[in-house]
Amino acid sequence: MKSGAMVLSAALALSVTACSAPSNQTAAAAAAQTPDSRAPASNALTTQAFAGEFVGTIACGDCQGIQTKLQLNADGKYQLDETFVGRPTNNFLSSHGQWKVQDGHHFVLVPSEQGWDHRLFEVLSKGEIRQLGDEGKPYTNDSAYHLKRVTGSATN
């Protein structure tokens, strides 16, 4: 009787283990396959699919902030307007040119005018981008360089 109970207990333990392992593996596999909602799919970043207007206040070393409006057009052109808050003179800059996708998560602004630097941006989500520093890395005060999409501004 004891040996029959032991066999039954062993069989029950084995069946519980066998039943629970696949569900744990399935949950882990599903979690690993769930895409990061902050990053677009690598093939999703195109000028046509990502066009829109982004706004925010960027950090400024000699003013209270730079109110920034970036219009990315589906034809690959952009318009960038920057207002330097609290600066009495030279408080508005505007540039335009081409914006070019570099990979699934980055694009660069290429100004039409001489004397303007290229600016690199990283796409954090469909609704948020951040300007990167000269070496393509986030600034130390990273959150001060984010721009958010204006709702309904997609121009597909």
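Reader: What is the volume of the largest pocket?
Author: The volume is about 170 Å³. This is a predicted model, where local features need pLDDT of at least 70, side-chain atom pairs count only at pLDDT 80 or more, and totals for chains, interfaces and linings use all residues. Residues are numbered from 1 along each chain as its sequence is written, and side-chain values use heavy atoms, with hydrogens and water left out.

Reader: What makes a residue part of the lining of a pocket?
Author: A lining residue has an atom within 4 Å of a point of the pocket, on a 1 Å grid over the protein atoms alone; a pocket is an open set of points where a 1.4 Å probe fits, with protein on both sides within 12 Å along at least five of seven lines. The lining here includes Val108, His118, Arg119 and Tyr139.

Reader: How many lining residues of the largest pocket are nonpolar, polar and charged?
Author: There are 4 nonpolar, 3 polar and 3 charged residues. Tyr counts as nonpolar, Arg as charged and Gly as polar.

Reader: Which residues touch the most other members of the largest nonpolar core?
Author: Phe50, Leu70, Leu72, Phe107, Leu109 and Ile129 do, in a core of 21 residues. Strands giving two or more residues to this core include β2 (66–72) and β5 (106–111). A strand is a DSSP run of E, at least two residues long.

Reader: Why is it called a nonpolar core?
Author: Because its members are buried (under 20% relative accessible area, 1.4 Å probe, protein chains only) and of nonpolar types, joined through side-chain atoms within 4.5 Å.

Reader: What is Ile129 in contact with?
Author: Beyond its neighbours within four places in sequence, its contacts (heavy atoms within 4.5 Å) include Phe50, Leu70 and Phe107.

Terms used:
Grid points are joined across faces, edges and corners, and a volume is the space filled by probe spheres set on the points. Buried means under 20% relative accessible area, exposed over 50%, partly exposed in between (1.4 Å probe, protein chains only). Helices (H or I, at least four residues) and strands (E, at least two) are DSSP runs, numbered from the N terminus.
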